[in-house]
Amino acid sequence: MAFYLRQSDAFENNKVTLEYIPQGCSMNMFTRAAVVLEYIPQGCSMNMFTRAAVVLFLVYLITTTTTNGNSSMLCLENERQALLRFKNDLTDYSGRLSSWNVVHNDCCYWAGVVCHSFNGHVVELHLQNPYGYCTFSISYAGRETYMACEKNNLGGKINPSLLNLEQLSYLDLSHNDFGGIQIPSFISSLRTLRYLNLSDAGFGGLMPPGLGNLSDLRTLDLGRSYLLRAENFRWLSDLFFLQHLDLSLANLSQASDWLQVTNMLPSLVDLRLSGCSLDLSVSLPNMVNFTRLAALDISYNRPLRSPLLINWLSSLTGLRFLNLGDCGISGPIPSGLENMTSLTHVDLSSNNLSSGIPHWLYRFRGLNSLDLRDNQLRGSISDDIGNMTSIISIDMSLNELEGRIPRSIKKLCSLEAISLEYNRLGDTSDVLQIFFGCGVHSLRALNLANCSISGPLPKSLGRLSSLESLNLGFNQFNGTLPESIGQLSKLDQLSIYSNTLEGVVSDVHFANLSNLRYFSGADNPLVLQVSPKCSPPFQLEVLALRSWHWGPTFPNWLQAQQRLIVIDLSSTGISDSVPTWFWNLSSQLIYLNLSHNQLHGVIPSIPKVKLTYAMMYLSHNRFSGSLPRLSANVAELDLSNNWFTGGLSHFLCGSTDKPNQLQILHLGDNLLSGDIPDCWMNWPSLIYVALGNNNLKGNIPSSMGYLSDLRSLHLRNNSLNGEVPMALQKCMKLVIIDVSENEFCGSVTSWMGKGLLNLISLDLRSNKFSGQIPSDICHLHSLQILDLANNNLSGEIPRCMGNFTAMATEMSNGDEILYSVEVGDWGSYGRSPFEDAYVVTKGSELQYVATLFLVKSMDLSSNNLSGEIPKELTSLVGLRSLNLSGNRLTGMIPKKIGDMKFLESLDFSRNQLSGEIPSSISILTFLSCLNLSFNNLSGRIPSGTQIQGFNASCFIGNKLCGTPVSKNCTVNGVTPDNQNEESKGDRPEVDWFYLCMALGFAVGFWAVCGPLLFIQSWRHAYFHFLEITCCRLCIAFGIRR
């Protein structure tokens, strides 16, 4: 016989309820007999008597009725043979089923097999992976566990010989990997099954509807099977005794009857449908039938726009576990939860909840866990939180909460974990004192990162004796690191990064931290002074102390840290050579950052790295010699800004024992020389290649066309020549191309505009490209930066350039371009995976990194372009910089130039433009750099504060008048005919031509008229002369007539 718990937590009313069912009889064949055991000493409640005694009693009962090899009864031969056939179809790399062989005749002794003690029938198969769900972790222990877990997976196929196990009631194949095969339909014929667990076992396809025939089933767990799907829930409707149902991660998007059917399962206690693409807006049943439901998980299903479902569930007064995380709930926290006071676990994380936290929530005195993280909750945390005396875990991180952290938290004596990170609390450091209340010895995890807390850390921090995780990063803590932190003997993770802590950190701070694995203290001006003979008590896995003062020697105590997987010692002032033992240690690292130091010497061949995605950042040092040979498992490598010499062939063309995993390669700013080798087919995973600012020569090899995932190519400032190979058109994911400042020739090929449709930046500056700009380039709708300056391009500017959609968009919805994998706060800075681009604007070359997505620029300067400026360019209203200078452009400046309202730099100088400057240019309020010099422009310079603020040299070499040039315009606005003299230099303040003319007139006038006015004899003689002359003329005229 066998006993089964009626409920998983059947310690209610101080009674333990069991069900007795003779083996071999189904629930429909045998009348149920309930045996209620009550063992409560007189005068004692269950809370006063240890429940462990009851559990031991149950174990005793069960072990007397079933056996795992301790019975004199041998297993049945036909069932033994069935198990052997079942095993033969399985793959078992770890040998978990090695005991299943012909040597051991009694299959009841086999691993995972449980037999009936009276008749020898196999009743249970426990074949789940002993490591459970295989979760990858970069921690030392996590990696070992993951590899062991993967090795212990069973696979293959399920042999129908299981049908010979006539009394099989328990089958567990969970946490294995059957490679996506369908659940065998014959399992629905195992009518005696009461427990079926196929979760996380790699099954796929349609769930067999025949599973609904297993009428005695109490537990059905198909969870964590994202390859499974179901079209409806009708097949579940006959499972009246089903208590536990888990279909999480299966595709249930078509099963619109999920609520109608599950609501009709009266025995249902636990329902888990997380991440199933459920329709949460289904019509609601008239009444709630699954009144025994104690746990409901419908998280990661969207959208739950209406609170009706929650209000409908509010009648489940016995519900204790509720998970509605990431269900798209918006607005305030649903008021339907107010009456569900029996809840012990509430998860509303990752929704769109706004407004404040309602006061009724603080009245849930029985609540053990509250998760409100990742919402938009505002307001303050009420002091009423102190009423939640049963709370164990609180997570309100990633919200918009403000105000002080309530001091009433010190009343929460059972509190073990609290996370308030990424809120705007703005408290002072004395807030840490509240955790020294009655829960000082129970608190295990405290996360106050990025809460705007300021002030010194309390010296009594060591009183939190049970603390295992402490995160105080991204705050404004100042002063010194208290020595009492060394008393936290259970501390596993310590994060104090990005504060303003200062002073000396010595051996005392680490005295008793024997369990410390994770230490992140980056970006604090702390000084580490550890004695040379110091042997720290811990074995770290993560050490991130960027910007500490370590130097000048390399820390030898790291040699004893044999479990390190993450090291960030960038910008620590080390000016030493790297010892050999450290390079051997690097074989176990997943992240190494020694950049921005003064390390020197030769890097040996990077040894075989154990992990498959290792990142190494060694830039901005003084490493020299040849490039080191690379392990195939290195995925990100930055050796830029060093003194490496020699070629690239031995680095790129060497053979490896496995495919190369390298994705990011940055070798820029070194002294590398020679040709770029033609063996890029060996690096198919590359997405970022930077070889700029070296001494490379020759052509771009055609094998770069094999880099189908390449997104960024930087070859600027070398001596490369020839044409850009057409093979690059195969790199259709390219986002950035920078081949500027080389000697490339030929035409700007049209395939760039046809195949590279994802381009954001195209920089061909300072080469020898010739011919016309192809119109196909206009297909690059994502293009934000186009630089074709300093080439020999000719012809007209294509009018279709107004089709650059990204340039025509006023605002950018993008973000910084990041190719690296985030591995935690230790990797957020000090590395080079951010995309960058160089842009010449406002007379300077600027490098854009984090703000690259905001930059929109076009530079066609210093070519031989002719024709008019296309008016279509004025539709590129998002441009920040436009440079067409140094060409042979004619015609007028487009009248709608003022539409480009975000322009900061505009250069049309050294062309043959004519006509007037459009008045709309005066409304370019962001314009800070303007150059229209040396054209044939004429007329008045438009008035406006922005334009009049520029220097007169911006308009030199034209026929312009008005401010800021000194030539005044006439009253009617007509410009004088004479050439503007500003081309000869600054005009003098006095116009000497007109001054001399006026002076000559005055001198001549007074030289003649002055004596006549003041000397009488001169006046008489003068008029006498005029009279004689007049008479003579009259006589002569009269004779002539």
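Modeller: A word on the basis comes before the details. This is a predicted model, in which local features need pLDDT of at least 70 and side-chain atom pairs count only at pLDDT 80 or more, while totals for chains, interfaces and linings use all residues. Residues are numbered from 1 along each chain as its sequence is written, and side-chain values use heavy atoms, with hydrogens and water left out.

A disulfide here is a pair of cysteine sulfur atoms within 2.5 Å. Searching the whole structure turns up six disulfides. Let us visit some of them in turn.

Turning about its S-S bond gives -105°, and the link of Cys 108 and Cys 115 is left-handed. For the surroundings we need one more set of terms: buried means under 20% relative accessible area, exposed over 50%, and partly exposed in between, using a 1.4 Å probe and protein chains only. Cys 108 has a relative accessible area of 2%, so this residue is buried.

Next comes the disulfide of Cys 413 and Cys 438, whose sulfur atoms are 1.9 Å apart. This link is left-handed, with -100° about the S-S bond. Cys 413 sits in the loop between strand E22 (393-395) and strand E23 (417-419), and Cys 438 in the loop between E23 and strand E24 (445-447), so the pair ties together parts 25 residues apart in sequence. Strands (E, at least two residues) are DSSP runs, numbered from the N terminus. Cys 413 is partly exposed at 41% relative accessibility, and Cys 438 is partly exposed at 39%.

A further disulfide joins Cys 961 and Cys 969, with the sulfur atoms 1.7 Å apart. The torsion about the S-S bond of this pair is about 100°, so the disulfide is right-handed. Cys 961 is buried, with a relative accessible area of 0%, and Cys 969 counts as buried at 18% relative accessibility.

What about a cysteine without a partner? Cys 954 is in no disulfide, and the nearest cysteine sulfur, that of Cys 929, is 6.9 Å away. Cys 954 has a relative accessible area of 13%, so this residue is buried as well.

Terms used. Helix = DSSP H or I, 4+ residues; strand = E, 2+ residues; numbered from the N terminus.
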